[in-house]
Amino acid sequence: MAQMGAAIEQPVEHTALITGSEAIAVACKLADVDVITAYPIRPYDTVMQYVAKLVANGELDCEYIVAESEHSQFEIVKHASAVGARVFCGSSGVGWMYAFEALTVTPALRIPMVAMVGNRALDDPGAFGVEHNDALAVRDLGWQLVWVDTAQEALDTALIAYRVAEDRRVFLPCAISCDGAFLTHSQALVKIPPQETVDAFLPRYNRGDLLLHPDNPITVAPQANEDWLMEIRRQNAAAMERAHDVILEAYAQFERIFGRRYGNPFFEEYETADADVVLVGMGTLSTPVKVAIRQMRKEGKRVGFVRVRWFRPFAAVELARTLGRFAAVGIVDRDFSFGSPYLSGVLATEVRAAMYPAVRRPPLLSFICGLGGREVTVPDVRRMTDLVYQAADGKQQASTQWIGLRE
Amino acid sequence: MARLYAVEVVYRGIFQKTLAKNITRAIVLAAHREGKHGISFGRYGDSPERNGIPAKGFAIVADDELTLEEGMAKYEPKEVDVTICVDDTLCKGVESWAWYGLQPINRLLKPGGTLIVTSLETPERLIAMSHRKETPYKLAIVKGAASFSGLWVYKDDHTDARVLGAVARVLPELFSIGSLQETLRAENKKTGDLLAVSAQKSFDRTTTITVAPGQGNAEVPYSFEMPKWTEMREGIAIPAIAHGHQMTDETNGATGGFQPARNATFKKYLTRTMRPVVDFEKCIKCTLCWIACPDSVFDVTPEGLYDANLAACCGCGVCEAICPVEKCVTMVNETAFTDNASQWEAFRKDAPAYKSWLLTAIENRPERSHGFRYRGQYEEQIPAMIGNGGE
């Protein structure tokens, strides 16, 4: 710990021009990950390429295993984590789906795996572009889910994810969602922290009495029926509940050690202080939204944006309190939930549920846009904002509207 | 006030699964002929496809549909009018595969309810095997060996009809012998008439005796506390079985051999119908039983003998099948025993007394077995069963 003070006093960081995927690979190196598994699928495969390069160059010392499928890929790291290894893996779209059985058992066994999901539309058709349905498919299983919108945030969030996931109070896996193309394949200037700073922030992974080791003989995942299952599920619910405060602690520590501030970890508020209406969304659509907001503000429209980072745990109370301040809210989903209430997106459905107990419940509109990586344009954002203003004025309209659709 | 009836069938998976289903189905159908409504189901968590596992099937019947719904609003009945036990070794207790400890055979019986057992044992023996109950109940015996006739192909030996005839006798409000016979004929086009005759014979012969409160096995059945969710280790992790250790011979202080450590909570009592009995004087220490046993049942004694640890044994009989010495390891029906005590310790304390006990146990053992040794045994026994009182 003596090093920690020195590191904070003498931060020697450098800046590199890297993609979001590369930033995740750099985070793996800084976190000194022990076991990494890979199986190619676009856009996640950019991460495995960068990791392979780091290993080949001798910059990262880890077991790097290219599995024969995503299912094995996630199973291998699950087992490695059970014996005490810090692990990383990731996938995209239907690759993530192919690992689904492994994805269900990972949180059940309290494995603090960190995974990167390069968000990609689910087949068919085999579109490469971003949709959030892949990562969202595990929303009910005990995975922590976080969305980032820049390469810098990808790197920082990966480090934070290890700290949160490996906290004994949590011990749940965490998937970091990075929008395909916009984040995985775009290079940006990223501040890379020195190793000492990371070491000061990130303790070693200690699996404690859950470590699968001859010196700690345990049986993991024996068959159990209805007389045990509720207790097991309740334990995991408690862990997810505790994750909320652990995330707050981790961001506070991150700010103290790295000097970079994220504010409220759960969602970012942009120009909301005086806003009449806001849009809500996740991931890289923040870029056109923020640009459009700056345009509209010059025209006198007081518009804000709330970017949800942590989808699980979902900060329902905080979000409901925040959104209650506005005259109307538009939720922009880069996903869909066929047949869901009001035929809306997943995020919109969650926000509606979060708002129900709130004292102030502004009108909510659900927007589906940018599917399969289609560009969300500044005019699209302006159009959505106009509709939200109309809702604020009490105009009746469809609860869910598709934006940027040829019709 | 509409009445609700519940009947349970306690049986051995997989061999008696069809038998149990035949009984619970016929109960519902016979009662339905008298205007009642009902359902028949097996306990899902029992995993009754497993060899020899104690399992339960239920018939719930009510005078009307609303009353039936009240009976269905639980996973399984909390009390029953009749418990049918189609393997008498289960009188010593029931251990579900989804495991809750040892449950007395008469646990669910209402005061004054009836326990019907298929057995060749005496009532006194069956009562002694069954745990004590605070309220009186009745015992009826359907005379015959346990029917293990149904593995993949069910061969009806009329155990179902005979048990059902006994139910009509002990609980006539549920259904009459006439309704039962109509049901058997309707459900079994070819054999219905014969089944109806068997049911009638059993109905005519069935008598009950009353078991008084406090009569029976005085032992408190093995049970354990289920921990709260906050008391359980997280991550679906449980302590593994520790390393084993040497054994000590209490008679001379000798140490040696090897006893594997075993799960302190999960102990077996009646997941088997038979247990291995070892003639230690015949043992040639070949190790085959020790190697072949899938449950690591055998403790290696200081002098290199193999003692079956019965808290770990599921009674599969592979030890008997693989033993090269005749009558060294013999599977003996569970009705012959009252505890899980070590045979080797008894042998070390008094070898002649042990030998005499052993010979008695082997000679008196009922023949019925579903183990490795008696493939085709059922066919061998049919003549004897037919001759058995003409039943």
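The text below takes the contact between the chains and then a helix pair.

This is a predicted model, in which local features need pLDDT of at least 70 and side-chain atom pairs count only at pLDDT 80 or more, while totals for chains, interfaces and linings use all residues. Residues are numbered from 1 along each chain as its sequence is written, and chains are lettered from A and ligands numbered from 1 in the order in which they are written.

Between the chains, 19 residues of chain A are in contact with 15 residues of chain B (two residues are in contact if their C-beta atoms, placed from the backbone, lie within 7 Å). On the chain A side, two or more residues come from each of β9 (218-220) and α10 (226-258), and α10(A) gives the most, with six residues. Helices (H or I, at least four residues) and strands (E, at least two) are DSSP runs, numbered from the N terminus. β9(A) pairs with strand β8 (residues 237-239) of chain B in the antiparallel sense over three bridges, where pairing requires that DSSP finds at least two bridges between the strands; A:Thr219 stands opposite B:Ile238 in β8(B).

Within chain B, two helices pack against each other at an angle of about 45°, with their axes 7 Å apart; axes are lines fitted to C-alpha atoms, for helices over the stretch in contact, and angles run from 0 to 180 degrees between N-to-C directions.

| Helix | Residues |
|---|---|
| α4(B) | residues 159-170 |
| α6(B) | residues 192-205 |
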